[in-house]
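Colleague: I am new to this model and would like a close look at one part of it. Please take me through a helix and its surroundings.

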Amino acid sequence: MSRKTPCAVGINLGHDGGTALVTPDVMIAIGEERLNRTRYSPGWQAALLYCLRAAGLRLDDIDLVVISNVGRTPAVPSDTGLAHLGVEEERIRVLDHHLSHAYTAYCLGPYDVATVLIADGAGNHADTETFYLAGPDGIERLGGNDSNRGRHGGIGAAYEAFTEHLGWHPQEAGKTMALAAYGDPTAYLAPLFDLHDTRVYGRLESTHARGVAALAATTGFDFGPPGSRGDHPRGIDAAAYLQDQVEQVLCALIQAVISVTGVSEVCMAGGVALNCVANDRIRRLPEVSGLFVPPPASDRGQALGNALYGLHQLTGELPRRSLTVDSFGRFYSGEEIELALNRDTRSGLVERRFVPFTWRWESDIATCAAQMLVDGRLVGWFQGGSELGPRALGNRSILADPRGIAGRDALNDRIKHREPFRPFAPAVLTADASRWFDLDGPSPFMLLAPAVRYGARSRIPGVVHVDGTARVQTVDPAASPRFAALIERFGALTGVPVVLNTSFNDREPIVETPADALATFQASDLDALCLGEYLVEKL
């Protein structure tokens, strides 16, 4: 890379810490958790080194470092400690949390002009919902929540509070969303949110589980005992009530915001935008002509939004990088993969459990994997650069046959150790998607939950949720040729061009390196591992 090439680095100082590096030709990004193997980890140092090494640069080559954080008070350059690494404060900028999300949503999206809505648990300056008008000339903030209303009144804070009441980490909102399909959303009749023009006012009076307890005391509603984790009917109904209320207020908010901007193509980001059930309802609104949500919509995308903003400042032009795949990590060579397979210490392999295995190079790893799925095997799939978002999309995946429930149950019992009410996702070729799912366009990032076509439900029960929906990933052969080839081969063998796809991990961050993949393969009950072009099997 030429030193004359403008280069910006983004750093997220909050939870889900990480770093991104962006030039006119390169985008590299990774979360700190993928490197230190601690979920939701703050920090950015290892991620910064990763990005610099991947780009072949040094800190002296970086023109601008852009940082952001969570909390009412924005960060200041001295918060980073970058001065100790020789980065002068003149090279550091601070970006508003929600504006960082807006850069990720718009710059990675397909629309020339868009309405941008950000909704999360907390930004800076008490922001929880903010909307913008974005176009080639810039991203302009037009409005947001009442700054005098506390964070507890926001959509994201309410979801976090109910999730904590149900017994999970506030960041595990996906569990609450999955549980909601089993409950009765009309069990509690009072609204959870009010919308005045474009401002949301939630009924909770405080954040976290205590807010749910206070609401129960005020209304007389029984949301079940704290920590029920899906084992109490009132808790299940509480999840359904929350999900329904969130869908209603989001749809109303989108309609209100579009009436202000006059633009029907919508980009969303912030943790709330990961709610694929709500997204599917939003995309069907008559006022919405298009919906884009970036795969790292939560704070995992903050570093990337910061870096995109930095490049905008350096070049004077908004960087537009319309995404087709969520692959921001670096590629690992065959030599690096072989280091891990040979148990070479230089690979960073830490074997939590020593299991003998054999490995060999395969000329057509996709066909090999497809046959193993047909044979009922659970396969780890490691290809290309890692995903930045929270969902594996064919680069760091575990795959299974969706035609029965045996693979699903084996994944839950033997490998993922997840709650049984959580569904697994289908990956389908884009050209076949509308025949199997109620989709009228691509869904490459697993951020929509359409209905499974009625005639298809009995053919792929392993990926159909209790309400008849599925969190679909459509796969374009031009964007993901090897993963698409696997699905195509599986379809040719079975008549079903759909595979079950879940993230390559077991109660840990998704694997990043070949050594991570090999360690998790040994420690779990996976039957086989496709590591690049190498097939690994246990003896």
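Which residues in H7 meet which residues in H8?

Modeller: First, the ground rules. This is a predicted model, in which local features need pLDDT of at least 70 and side-chain atom pairs count only at pLDDT 80 or more, while totals for chains, interfaces and linings use all residues. Residues are numbered from 1 along each chain as its sequence is written, and side-chain values use heavy atoms, with hydrogens and water left out.

Now your question. From H7 come Gln243, Asp244, Glu247, Gln248, Leu250, Cys251 and Ile254. They meet Val277, Ala278, Arg281 and Ile282 in H8. Contact here means heavy atoms within 4.5 Å. By class, these residues divide into 6 nonpolar, 2 polar and 3 charged. Nonpolar covers Ala, Val, Leu, Ile, Met, Phe, Trp, Tyr, Cys and Pro; charged covers Asp, Glu, Lys and Arg; the others, Gly among them, are polar.

Next, the geometry. H7 spans residues 233-261 and H8 spans residues 276-283. Helices (H or I, at least four residues) and strands (E, at least two) are DSSP runs, numbered from the N terminus. The axes of H7 and H8 come within 9 Å and cross at roughly 40 degrees. That angle makes H7 oblique to H8. Under 35 degrees counts as roughly parallel, over 145 as roughly antiparallel, 65 to 115 as roughly perpendicular, and the rest as oblique. Axes are lines fitted to C-alpha atoms, for helices over the stretch in contact, and angles run from 0 to 180 degrees between N-to-C directions. The crossing of H7 and H8 is right-handed, that is, the near helix is turned clockwise from the far one by less than a right angle.

H7 has another partner, H4. Their axes lie 11 Å apart, at an angle of about 175 degrees. So H4 is roughly antiparallel to H7. On the H4 side, Ile155, Ala158, Tyr159 and Phe162 make the contact. On the H7 side, they meet Ala238, Tyr241, Leu242, Gln243, Val246, Val249, Leu250 and Leu253. This contact has 11 nonpolar residues, 1 polar and no charged ones.

Follow H4 itself for a moment. Buried means under 20% relative accessible area, exposed means over 50%, and partly exposed is in between (1.4 Å probe, protein chains only). The buried residues of H4 are Ile155, Gly156, Ala157, Ala158, Tyr159, Glu160, Ala161, Phe162, Thr163 and His165. They pack against H7, but also against helices H5 (173-180) and H6 (208-219). Strands E7 (129-135), E9 (193-196) and E10 (199-202) are packed against them too. After H4 comes Gly167, with a positive phi near 110 degrees.

Back to H7, at Asp237. This residue sits within the helix. Asp237 counts as buried, at 13% relative accessibility. Leaving out residues up to four places away in sequence, Asp237 touches Gly183, Asp184, Ala187 and Tyr188.

Most residues other than glycine have a negative phi. Arg229 has a positive one, near 50 degrees. Arg229 is partly exposed, with a relative accessible area of 42%. His125 also has a positive phi, near 55 degrees. His125 belongs to the loop between strand E6 (114-119) and E7, and is partly exposed at 44%.

Last, look away from H7. Phe504 and Asp237 are 267 residues apart in sequence and 31 Å apart in space, C-alpha to C-alpha. Phe504 lies in the loop between strand E18 (498-503) and H15. Phe504 is buried, with a relative accessible area of 0%. H15 (residues 514-523) has 9 of its 10 residues buried, so the rest of the structure largely encloses it. Among the partners of its buried residues are helix H1 (32-36), helix H10 (334-341) and strand E13 (357-361).
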